[in-house]
Every structure is written in C-alpha cells, then in structure tokens.
Amino acid sequence: MPPAPVESPELVALFTTYTASQDSIGAHLAQAAVRAAEHDPLLVVTGTDLVLYPGGGAAPAIEPYRLATRGFKELAGISHLGPAVATLATLRELAGDGPGDDTGDGRGQPAMPNERGGWRTDAARLLDATERARAASSAALWREQLAVRAFAGREEAIAAMIDYSCGLTGRFLQRALDDPAYLTMASVRRDYLEGPGGDGDLPVPFNKVMIATFYLTGMDIAHRLITWLDAAGVDWERAMVILAGQAGRPTAGVTQESHSIAGVIRAVSRGRLAAERVFIAPHAPVFPPQDPAGSHTAAVRELEPAYRRLWAALRATSDLAGSMFEGYPRFAVPAAGQAAIGPGTTFVHGKPAVKGPDDWFALVTRLRVVMEDPAQLLSGAVTDYASAELVAHANDPSAVIVPGLDGEPYPPQETR
C-alpha cells in the first residue's frame, strides 16, 4: 500500500484561498462575472438540441434539431455506400482472395476460417439491402411521407439520384461477386467513386452522390436552425455560446472549424458573434434529448445556472490574463477561415474553402478530410458551406445549388 501523501496544511490553505472552494477568491470572481452577465442571452448546443436562455430568469426556448430531423438516415444510407464498397475491397485484399492468392491473407499468412470469403457474405448483404432500398425509394416517399421542408421541389431529383446510386452500386457488387479479382481499390476509384469509368457507365461519379447527400442533410438542419435563431432575435454581440458534450465520434467536434453546428451559428450570426464568446465544452453536463412536443423541460431549466457559471468563469479568467499581462501577445481563437486549394496542394489542416458548387477538387477533398481527420464530424463535410449559402440566399433552399444533385444527368426514376 503506497504511503499517504504528505502535505503542508499552511501551503494547502494558501492554495485553497484562491481556488478549489466555493468561498475562494477565484470563485468570487466567477460569481461576480455571472451577475454581470445574468441578463445576457446564453445559447447552449448539445448533440441533439439548441437551447436559448434569454437571461434574467426568462424561460428557455428549445429547438430539438436532431429528433425533429427527417430523411437523415435514409440519405446517410446512400452516402454510406461509398465507404461500404471501399471497405469490401479492403477486406478482399486483406483476405488475399483472388487469382494466384486464394489460400492466404495477403500478408504471407494462412487465411483464418472466418476471413475466407467473409467479404462475399458482406457484399451479398449489401447488394440485397441496396436492392430493397432502391425498390422502396420514390418521389412520393420523399414528398408525402418524409416531407422534408428544405427538400420541397427536389423530391423527383432525390428519388432519381437514389435510384441511380443503388443501381450503380448493385452492378458493381454483382461484378465483384462474379469476378473477385475485379474488386480492388483501383476499380472502386475508377468505376465507382471518381471515374472515368468506361463506355459511359459512370455518368455521375459516386463522389458527387456523397457530396449531394451530405449537402442535403446539412441544408435541412441549417435551414431549420437559421429559421429558429433568426426568429429568436439573438443579440449576437452579447451572446454567450457553449457547445456542450460529445458531438459525433469521441474525438470529433472539439474545434469551431470541425463542429458542424458551430459553422451554422457562425453563418447565422452574420459576423456579429466573436469567436472568443464561443466555448466548446465536451465534458460539460448535458440534459437529455428533448421531445419536439416540448414536454419534460425541467432538466433544461435546472442546468442554466451551471452553464452560466461555466461560461462566466472561463471568460473572467481570460479577461484577467489580458489585464495582468498587458503589452504581451494575446491569445486569439484560431480562425475558422479555410484555405483555398488547387491541384498542386498535397495536404490540408482542415476542410478547404469551396469556391462554388462546381469546385469538385475542394468538395471531394472535404470527403477525405472528414474521414481522415479524427477531429472532424463525418456528417459535417459541407454543412458550413450549405449554411453560408442559405444565409446568402435569404434562407431559401430552392435558391441554392445542391452540388452533386442539381444539374446532374441522373436518369429519371420509373414511376412506382
């Protein structure tokens, strides 16, 4: 058993005089900061909800943006076809399942029983699920059942894109099952993701489909949040913002550049929200997901004092540093601005700037970045771009161009 640590009571008392207790000098500063900002609006974003605490004891307003989402999983299922097909090629290569290497795992080792042919089972499952999804999707489904407001007028195009995507995927998978040697990453890129394909078999590369699905889901969330936040009349110059809890995978959304809802808020504030007033707090307490019907809001109300203390204490300490060390370089929150790229660019540190809906080099680079960088949200490839486009077009989804959907030569879906 390790010996008990030795402490000096007098020195520990000096430590707790400033911090580590509710009656410390530091706690008194935080309390004063809370009182100074008690009438300022506080916006808290979790992985499922937005809550606006107006201040002064007023009741919070709640927007359950995730649970109110329609069509997200349906579109995500289509976007997942890209990595699913690429994963099958990787599994086949790892299993060494091809001509000239049908007994090993591709690394000079015998294949394990559950590895041999395992990719075939997965490919057959994916083929079956793809065919079922293709049969179920229709313009009527998107227009009358899912009925996503931001997609109004595009239901026929969405149905045609899904029909094309499932057909393309089904043909690729069937060819791979018939000829396992065909299933390589080279063929995935050439005949499925990027092109050029052959004999006109790839009128729309699947990379464009993935961008379209990400843009559509981002546009839907952004359209609803811009509508809600504009109606709330947030005083962005005084607003306090906390992005609380986990966003996406455990490593993601910990910067303003990588957090997709931070991008929406940045766009809707129209430059009036200072980056220094936004705190990302992945370990902050989070209330349960809220019911779109608006019941059971007690947990949201109860957390307001804790959120205000958190924000005010962080801001007070930052402000104190500026007063103490005047004349020395100040800390500036890293800008969420994005670098322009071109064919000569070999690496990026985040999602690149998009010059427009036909800037496919930047758009596809974003697909790579959100998969390759663990700090990125997988679904946030173009949400910030969609948000900025909506703000620039009076939040009218019909006025923006959906890259990968609008103007692409998808064959019309047969009526059913």
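Helix H11 (298-324) bends by about 35 degrees at Glu304, and a proline, Pro305, follows within four residues. The bend at a residue is the angle between axes fitted to the seven residues ending there and the seven starting there. The model is predicted, with local features needing pLDDT of at least 70 and side-chain atom pairs pLDDT 80 or more, while totals for chains, interfaces and linings use all residues. Residues are numbered from 1 along each chain as its sequence is written, and side-chain values use heavy atoms, leaving out hydrogens and water.

H11 has 27 residues and spans 40 Å from its first C-alpha to its last, close to the 39 Å expected (1.5 Å times one less than the number of residues). Helices (H or I, at least four residues) and strands (E, at least two) are DSSP runs, numbered from the N terminus.

Among the residues of H11, Val300, Leu303, Glu304, Tyr307, Arg308, Trp311, Ala312, Arg315 and Ala316 are buried. Buried means under 20% relative accessible area, exposed over 50%, and partly exposed in between (1.4 Å probe, protein chains only). The buried residues of H11 pack against H2, strand S1 (42-45), strand S2 (50-53), strand S3 (61-63), strand S4 (240-244) and strand S5 (278-281), where contact means heavy atoms within 4.5 Å.

Met324 is also found in H11, but it counts as exposed at 53% relative accessibility. A nonpolar surface patch of about 750 Å² is made by Met324 with Tyr18, Ile25, Leu29, Leu320, Phe325 and Tyr328. Helices H2 (25-36) and H11 each supply at least two residues of this patch. Nonpolar patches join side chains (Val, Leu, Ile, Met, Phe, Trp, Tyr) within 5 Å, from residues with over 30% relative accessible area and no salt bridge; areas come from the Shrake-Rupley method with a 1.4 Å probe.

The whole structure holds 17 salt bridges, each a side-chain nitrogen of Lys or Arg within 4 Å of a carboxyl oxygen of Asp or Glu. Three of them are listed here.

| Pair | N to O distance |
|---|---|
| Asp191, Arg190 | 2.9 Å |
| Arg238, Asp235 | 3.2 Å |
| Glu408, Lys208 | 3.4 Å |

Glu408 and Lys208 form a salt bridge. Glu408 lies in the segment after helix H13 (383-392) and Lys208 in helix H9 (residues 206-232), so the pair ties together parts 200 residues apart in sequence. Both residues, Glu408 and Lys208, are buried. Asp191 is buried at 15% relative accessible area, whereas Arg190 is partly exposed at 37%. Arg238 counts as partly exposed at 33%, as does Asp235 at 28%. Asp40, Asp235 and Arg238 are linked in a salt-bridge network.

Conventions
Patch = residues over 30% accessible without salt bridge, like charges linked within 9 Å, V, L, I, M, F, W, Y side chains within 5 Å.
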